[in-house]
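How do packed helices meet in this model? The report below takes the helix pairs in turn.

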Amino acid sequence: MNQGETKKLIVIGGGPAGYTAALYSARANLEPLVLEGFQWGGQLMITSEVENYPGYPEGVLGPKMMQDFREQADRFGAQLVTDDVTKVDFSEQPFRVWVGDTEHRAEAVIVATGATARQLGLESEVRMQGAGVTYCATCDGAFYREKRVVVVGGGDSAMEEAIFLTRFASSVTVVHRRESFRASPIMVDRAKANEKIEFVLDSVVEEVIGGDKVTAVRVRNTATGEERELEAEGVFVAIGHDPATELFRGQLDLDDEGYILTEGKSTRTNIPGVFAAGDCVDHVYRQAITAAGMGCQAALDAERWLSAREAGEQDPLVEEGALATP
């Protein structure tokens, strides 16, 4: 099925980057079609209190903040479609994007599909999300002042999270499934030098224990099979993220981890007219505010690109040197 009309802009994604891109482009009269997905809101939908986003002095629940983002984009005329994109074709103009059998066309596309934190695969982990299980120390560490926390993982991210959490927690226990670490030696040395950090190695988390909030984790030693409980009020899972970019493989340039590569100082991808923003690009900061900022950039880049195309002018990003390597 073909929707017929070619839109100026399609935004793929319904998180902070996607909704901010939708807001800015809607206010620029681009009338964006926002394919937000069934699970709109992204990782903030499994987050409880958010205290580090400007404009919410009393804090806000993650789902409430995403509802606010969504309503603001809708207010200015963004057309929201709560369904998942199943296929794209960026090989020619207009670009084509499918939702099931329905084909949508647009002159420009902003990809803001985000990333997902890898999980342990435990029923108890899912049940305790927002009640002590979290995936971001920068986001949630301040909630665990003078409390005992567990960090699960053995890479650089896990070491960084553990060290960061010592600013707040009374103790940090790193649980890792092997004796050796994937983290760089310098990061391991820093963690081991911190008197607040302990290590439980050759061990995996079997269960997150708690009712209304986390009280402990049950771990199993992979060598002996012995199980024991570690008291904890918080569990930080730091085993990596997966960008939601498989849909674009073979069309957009991706790095070795699957994140979309953008050119120079812009949000432009290797295909003129296709832009990318948020956690599907950024594997360093991964914050709601940085994703929203990139969504703003992508909308501005797309609007300027569309205006230049309509006027028959050179791509302004090329003209101003924004595509040059910094």
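What follows covers two helix contacts, their geometry and their residues. The model is predicted.

Two packed helices are described by the angle between their axes and the distance between the axes. The table gives these values.

| Pair | Axis angle | Axis distance |
|---|---|---|
| Helix 1 (residues 16-27) and helix 2 (residues 62-75) | roughly 25° | within 8 Å |
| Helix 5 (residues 156-165) and helix 6 (residues 185-193) | about 30° | 9 Å |

**Helix 1 and helix 2**

The axes of helix 1 and helix 2 cross at roughly 25°. Helix 1 is therefore roughly parallel to helix 2, as angles under 35 degrees count as roughly parallel. The crossing of helix 1 past helix 2 is left-handed. On the helix 1 side, the contact uses Pro16, Tyr19, Thr20, Ala22 and Leu23. Helix 2 meets them with Met66, Phe69, Arg70, Gln72 and Ala73. By class, the residues of this contact are seven nonpolar, two polar and one charged.

**Helix 5 and helix 6**

Helix 5 and helix 6 pack with an angle of about 30°. Their axes lie 9 Å apart. Helix 5 and helix 6 are therefore roughly parallel to each other. Helix 5 and helix 6 make a left-handed crossing. Helix 5 contributes Asp156, Met159, Glu160 and Ile163 to the contact. From helix 6 come Met187, Val188, Arg190 and Ala191. The residues of the contact of helix 5 with helix 6 comprise five nonpolar and three charged, with no polar ones.

Terms used:
Residues numbered from 1 in each chain as written. Predicted model: local features only at pLDDT ≥ 70, side-chain atom pairs only at ≥ 80, totals over all residues. Heavy atoms only, no water. Axes fitted to C-alpha atoms, helices over the stretch in contact; angles between N-to-C directions. Helix = DSSP H or I, 4+ residues; strand = E, 2+ residues; numbered from the N terminus. Parallel < 35°, antiparallel > 145°, perpendicular 65-115°, else oblique. Left-handed = near helix turned anticlockwise from the far one by under 90°. Contact = heavy atoms within 4.5 Å. Nonpolar A, V, L, I, M, F, W, Y, C, P; charged D, E, K, R; others polar.
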